[in-house]
Amino acid sequence: MGNPGGGGPDGEAERVSRLVGELLIGLGEKVRAAGPESVRVLTEEELQRHQLNWFRAGWEEHARATGGEGTGGGGMGWD
């Protein structure tokens with residue numbers, strides 16, 4: 001796939017490794033600037049609950065905007 005001495009798999013792995021390192025350094029700088037007490041890690045459950053609430057709100061807004069029925073769950077068993 002890659003040519004010898006070019007940007008083959010080893011070169012790609014090096015590039016990805018460097019990019020991940022830069023991202024982690026940037027994240028560390030943001031945490032340091034905000035202070036560790038200001039940083040919170042979301043659990044998968046919290047993230048899914050947030051996404052579900054966002055999805056429901058979008059469908060309810062769509063139903064209101066189009067004059068549709070079911071703004072309390074859209075007939076999808078959310079009531």
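Val16, Val20, Leu24 and Leu27 together make a nonpolar surface patch of about 350 Å². Patches here take residues with over 30% relative accessible area and no salt bridge, joining nonpolar side chains (Val, Leu, Ile, Met, Phe, Trp, Tyr) within 5 Å and like charges within 9 Å. Keep in mind that this is a predicted model, where local features need pLDDT of at least 70 and side-chain atom pairs count only at pLDDT 80 or more, while totals for chains, interfaces and linings use all residues. Residues are numbered from 1 along each chain as its sequence is written, and side-chain values use heavy atoms, with hydrogens and water left out.

**Overall layout**

- The chain has two helices and zero strands; both kinds of element are DSSP runs, numbered from the N terminus (helices are H or I with at least four residues, strands are E with at least two).
- Buried residues account for 5% of the 79 residues in the chain. The cut-offs are under 20% relative accessible area for buried, over 50% for exposed, and partly exposed in between (1.4 Å probe, protein chains only).
- About 6,900 Å² of the chain is accessible surface, and carbon and sulfur atoms hold 57% of that. These areas come from the Shrake-Rupley method with a 1.4 Å probe, and for residues only the protein chains shown count as cover.

**Helix α1**

- Helix α1 covers residues 9-34. Its 26 residues should span 38 Å at 1.5 Å a residue, and the end C-alpha atoms sit 37 Å apart, which agrees. The expected span is 1.5 Å times one less than the number of residues in the helix.
- Val20, one of the patch residues, lies in helix α1 and is partly exposed, with a relative accessible area of 42%.

**Helix α2**

- Helix α2 runs over residues 44-66, and its 23 residues should span 33 Å at 1.5 Å a residue; the end C-alpha atoms are 33 Å apart, so that agrees.
- Just after α2, you'll find Gly67 with a positive phi of about 70°.

**Salt bridges**

- The count comes to five salt bridges, taking one to be a side-chain nitrogen of Lys or Arg within 4 Å of a carboxyl oxygen of Asp or Glu.
- One of them pairs Arg18 with Glu14, with the closest N and O atoms 3.0 Å apart. These two are four residues apart in α1, so about one helical turn separates them. Arg18 is partly exposed at 46% relative accessibility, and Glu14 is partly exposed with a relative accessible area of 46%.
- Another joins the side chains of Arg40 and Glu46 at 3.0 Å, N to O. Arg40 counts as exposed at 59% relative accessibility, whereas Glu46 is partly exposed at 23%.
- Glu61 also forms a salt bridge, this time with Arg64, and the closest N and O atoms are 2.9 Å apart. The two residues are three apart in helix α2, so they are separated by about one helical turn. Glu61 is partly exposed, at 44% relative accessibility.

**Aromatic pair**

- Searching the whole structure turns up one aromatic pair. The rings of Phe55 and Trp59 have centres 6.2 Å apart and planes at 75°, so the pair is edge-to-face.
- For the rule behind that, rings of Phe, Tyr and Trp (its six-membered ring) pair if their centres lie within 6.5 Å; planes under 30 degrees apart count as stacked, over 60 as edge-to-face and the rest as tilted.
- Phe55 and Trp59 are four residues apart in helix α2, which puts about one helical turn between them.
- Phe55 is partly exposed at 36% relative accessibility, and Trp59 is partly exposed with a relative accessible area of 40%.
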